[in-house]
Amino acid sequence: MIPLPQRIQLFPGALHLPGSPAFYTDPDEPFLAEQVALLAGQVSGGSLIRVEHPAAAQIRFQKTPELADQREAYRLAVDPQGVSVSAGWSAGLFWGLQTLRQLLFEHRGGDGITLPCQVIEDYPRFAYRGCMLDVSRHFFDISVVKRFIDLAALHKLNAFHWHLTDDQGWRIEIQAFPALTRVAANRRETRGDGKPHGGFYTQTQIREVVHYAAQRHITVIPEVDFPGHFTAAIAAYPQLGCSSAPVEVRTTFGISSQLACPGKDFTYRFLETVFDELCDLFSGRYIHLGGDEAPKGHWRVCPHCRALMQREGYTRVGQLQTHLMNHIARHIRLRGKTAIAWNDAFRNPGLDAEIMMQYWMEIRGGHTALDAINAGTRAVVSDFYHYYLDYPFGMTPLRKTYAFD
């Protein structure tokens with residue numbers, strides 16, 4: 001089972017599930033009942049029958065006050081009479097269902113399913129267990145995004161980090177700035193292949209995904225990356241850049257020198273408006289501000305940036321990134337949201353202490369997850385050398401990922 005539960009005790013005996021077992025769920029868990037019914041594909045006979053009383057069921061999902069102090073904890077017991085999943089909260093019942101799915105798959109057979117008697121007691125080690133999907137470099141249809149969320153739920157991940165913008169494409173509809181989907185969502189080719197690539201999610205689709213994930217106890221965390229990885233936005237609104245010169249949506253990968261200009265009022269109005277719409281669309285607590293890989297060569301010579309440095313008394317160009325990111329972090333905090341930023345941003349002095357760090361790559365001067373934790377900052381660990389699954393299997397075999405602590 002992945003992830004391995006906290007405790008598993010095996011006992012003598014076994015449970016043989018009939019071809020069409022009966023199941024019971026608490027009446028206030030209609031979505032859970034729908035999901036339990038989908039177990040039919042793993043049970044010989046092809047159907048599960050929902051019953052009104054737990055005593056009549058071979059598979060039971062019930063809430064219990066004994067586990068009410070741990071929102072995601074559950075207890076799964078198998079005895080010769082049936083399977084019982086208990087939890088204090090809906091999330092715990094849902095995670096217990098994922099464990100049962102894996103058990104049924106492991107023990108499937110031609111004449112039904114026989115499960116060894118056992119008790120599994122489980123709760124998460126980490127409050128934040130996430131996965132990220134980059135839809136900017138490669139756009140994925142909503143059906144693929146939902147499948148991705150389903151697989152995350154199967155592994156009891158509870159955070160879906162949606163990387164919605166980058167140099168190569170802007171993928172979310174912002175009603176106040178229509179050129180983002182008309183211009184920034186499309187690039188003419190990818191690394192010289194001559195094939196146009198584009199796509200974006202409407203706000204209706206965004207809400208659909210947020211609801212879909214919430215049913216599965218997964219929080220969607222949107223990322224609009226700035227001040228770097230911002231070329232697509234500048235292609236739509238050139239005044240966001242230092243020079244206001246026209247650029248195109250980036251067709252190659254790597255690090256771009258095109259950054260949002262922190263010395264222009266329009267940049268702040270743009271970002272405030274974008275993040276206001278994000279706050280309305282995403283019900284979760286967290287919003288990701290990006291902040292990684294932002295080379296500041298243009299800022300050093302930009303008259304708008306130099307004027308801001310003089311007004312604020314800044315002596316280091318990195319303080320401009322802190323200035324811009326702190327402004328947006330404070331802005332969304334007024335909307336009840338907490339900002340996350342990549343650990344690159346933390347090398348710039350004075351970053352808001354309320355911003356949560358997401359560690360991905362060691363950089364000069366430290367700024368690792370351990371540094372953040374020791375300083376009292378919350379951190380998410382997504383180490384490049386263990387968790388970036390878009391890299392070759394030879395570099396990141398699954399065993400290496402699974403064993404990382």
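Q: Is Phe160 buried or exposed?
A: Buried means under 20% relative accessible area, exposed means over 50%, and partly exposed lies in between, using a 1.4 Å probe and protein chains only. Phe160 counts as buried, because its relative accessibility is 1%. Phe148, in contrast, is partly exposed, with a relative accessible area of 24%.

Q: What kind of model do these values come from, and how are residues numbered?
A: This is a predicted model, in which local features need pLDDT of at least 70 and side-chain atom pairs count only at pLDDT 80 or more, while totals for chains, interfaces and linings use all residues. Residues are numbered from 1 along each chain as its sequence is written, and side-chain values use heavy atoms, with hydrogens and water left out.

Q: How many aromatic pairs does a search of the whole structure find?
A: Rings of Phe, Tyr and Trp (its six-membered ring) pair if their centres lie within 6.5 Å, and planes under 30 degrees apart count as stacked, over 60 as edge-to-face and the rest as tilted. The search of the whole structure finds 21 such pairs. Among them is the tilted pair of Phe148 and Phe160, at 5.7 Å centre to centre with 50° between the planes. This pair links distant parts of the chain, since Phe148 is in helix 3 (residues 142-154) and Phe160, twelve residues away, is in strand 10 (residues 159-163). Helices (H or I, at least four residues) and strands (E, at least two) are DSSP runs, numbered from the N terminus.

Q: Why is the pair of Tyr237 and Phe266 tilted?
A: The ring centres of Tyr237 and Phe266 are 6.5 Å apart and the planes lie at 45°, so the pair is tilted. Because Tyr237 lies in the loop between helix 6 (231-236) and helix 7 (265-281) while Phe266 lies in helix 7, the pair ties together parts that are 29 residues apart in sequence. Both Tyr237 and Phe266 are buried, and they belong to one aromatic cluster together with Trp170, Phe177, Phe230 and Phe270.

Q: Which residues touch the most other members of the largest nonpolar core?
A: In soluble globular proteins, nonpolar side chains tend to be buried together. A nonpolar core is a set of buried Ala, Val, Leu, Ile, Met, Phe, Trp, Tyr and Cys residues joined through side-chain atoms within 4.5 Å. The largest core has 106 residues, of which Trp162, Trp170, Phe270 and Phe275 touch the most other members. Helix 7 gives the largest share of this core, nine residues. A second, separate core of six residues includes Ala159, Tyr286, Ile340 and Val380.

Q: What is Asp166 in contact with, leaving aside its neighbours within four places in sequence?
A: Contact means heavy atoms within 4.5 Å. With those neighbours left aside, Asp166 is in contact with Ser136, Arg137, Asp225, His229 and Ala232. Asp166 is found in strand 11 (residues 165-166) and counts as buried at 2% relative accessibility.

Q: Where do cis peptide bonds and positive phi values occur?
A: Most residues other than glycine have a negative phi, and most peptide bonds are trans. Here a cis peptide bond joins Ile2 and Pro3, with omega about -5°, and another joins Phe226 and Pro227, with omega about 0°. Phi is near 60° in Lys156, which is buried with a relative accessible area of 5%, and also near 60° in His217, which counts as partly exposed at 27% relative accessibility.
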